Amino acid sequence: MSGTNTDTTGRDRVWTVAEHLEDVLETVRPLDPIELQLLDAQGCVLVDDVVVPVSLPPFDNSSMDGYAVRAADVAGADDAFPAVLTVIGDIAAGRGGPPAVGPGQAARIMTGAPLPAGAEAVVPVEWTDGGLGAGRVTGMRARSTAPEGAHGQVRVFRGAAPGAHVRAQGSDVRAGELALAAGTVLRAPQIALLAAIGRGTVRVRPRPRVVVLSTGSELVQPGEALGEGQIFDSNSYVLTAAAREAGALAYRVGAVTDDAETLRTAIEDQLIRADLVVTSGGVSVGAYDVVKEALATLGEDGGTGGVDFRVLAMQPGKPQGFGAVGPDHTPLLALPGNPVSSYVSFELFVRPAIRTLAGFDDVHRPTARAVLRADGPVPSPAGRTQYLRGRHDPTTGEVAPVGGAGSHLVAALAHADALIVIPREVTAVEPGTELDVVLLS
Ligand code: AMP
Ligand code: MG
């Protein structure tokens, strides 16, 4: 953390969004790498370059069910003058086959089976009589009725150049080549490659473990009955879901009552499984804003207050807390309680922090320029960057506000897919104005 919260005149310092984000990202460091089984590493960032140990395919093999032949033996074959070859045996994938195909010979071969010595090409079964030895049988129904391994004859009705229907050793990737570079995010296709080259485990940055707590004595868990003056706890759900979408292993603790000691104990109990703690509520100046009080004595050196509470020049999301708690200096972001403020704060600050912990190069949501579509001028508070919820149409390049500026408007949030960024100094935006938008999906 850097800076103080009073300026040279002693007034409260107001932080810009960029300053607060910079402070968070300067403090949060990528997690130490661990060795994980392939599927446990899904979605994680690879730490080391991975080199191919053995070429793929490891041996020349057939790409079709058919007959392994010498090209010269089938050259010029056609319906009128088929090549008639002696079948010396079968080769199935994963099993041995005849030692070598000599002149005038063929071996029945299945997809993926190793090409026998002597053979140079595979003629698909559809180009043969299927080993029936008499007449022409076309299509996929062409099958030998001879028992497996039985010697017989096959008629071949088309020629095949050397290499036809053969997947050459190393044609996919060669031993010694770079399979995946450090920094690669392991999605399904990358996991396919790692498995194909025989890697059982990889060194990656682990998924950050994020503990989400909401605060507020008015909060009731969804599914329970709502009493007088109570509301459902939506923040612990949206923040946990958003943390998962950002790549974290998120633990939802749920709501803690507005009591500093209870909250302090709850956070302390969670530190064992947290790389990052996110709280919501209790950070403004209300009488029951307990997060400030609780965290004042949960500082990184056991009491001096490692969490800094500050005022940001943004709407929504003006009050924010950030710092480190507990013996491991676990980073903690304390977000405001209003649902929209909480979510917007998550997108702007927590998501980049999670992605930094996870080792991603690109920690930010993509942005775009979009033209404001609205019925009239859209107002915005002076001196604060506004993040209005909007719907972005990438085909027209337009964005339209959804709902108003109120930070309690959860329904509008659910229909938004972008945040419309109205700069700090602007107090009204005319329709047709081009603005930055943060793309949320
Ligand atoms: P606070 O920041 O704790 O003063 O909360 C600001 C507003 O957000 C109040 O109206 C709270 O009731 C509401 N709020 C706080 N936490 C939650 C939550 N977890 N889910 C839904 N609303 C909340
Ligand atoms: Mg509260």
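Modeller: A salt bridge here is a side-chain nitrogen of Lys or Arg within 4 Å of a carboxyl oxygen of Asp or Glu. Between domain 1 and domain 4 the count of such bridges is zero. Keep in mind that this is a predicted model. Polar contacts are another matter: six residue pairs make them between domain 1 and domain 4, both residues at pLDDT 80 or more.

Now the layout. The protein is divided into four parts: domain 1 (8-31 + 207-358), domain 2 (38-56 + 172-205), domain 3 (59-168) and domain 4 (367-439). The C-alpha centres of domain 1 and domain 4 are 25 Å apart. At their boundary, 15 residues of domain 1 are in contact with 16 residues of domain 4.

Next, the area. Domain 1 and domain 4 bury about 1300 Å² between them. Carbon and sulfur atoms carry 66% of that. On the domain 1 side, three residues stand out: A313, Q315 and V340 supply 43% of the area that domain 1 buries against domain 4.

Which elements give two or more residues to the side of domain 1 that touches domain 4? They are β20 (314-315) and α7 (339-357). The largest share comes from α7, with seven residues.

Last, the composition. The side of domain 1 that touches domain 4 has nine nonpolar residues, four polar and two charged. To recap, this boundary has zero salt bridges, and six residue pairs are in polar contact across it.

Notes: Residues are numbered from 1 along each chain as its sequence is written. Chains are lettered from A and ligands numbered from 1 in the order in which they are written. This is a predicted model: local features need pLDDT of at least 70, side-chain atom pairs count only at pLDDT 80 or more; totals for chains, interfaces and linings use all residues. Side-chain values use heavy atoms; hydrogens and water are left out. Domain bounds come from an automatic or database domain assignment. Contact means heavy atoms within 4.5 Å. Buried area is the accessible area (1.4 Å probe) that two parts lose on being put together, summed over both. A polar contact is a pair of N or O atoms within 3.5 Å; within protein, one must be able to donate a hydrogen and the other to accept it, and residues adjacent in sequence count only if both atoms are side-chain atoms. Helices (H or I, at least four residues) and strands (E, at least two) are DSSP runs, numbered from the N terminus. Ala, Val, Leu, Ile, Met, Phe, Trp, Tyr, Cys and Pro count as nonpolar, Asp, Glu, Lys and Arg as charged, and the others, Gly among them, as polar.
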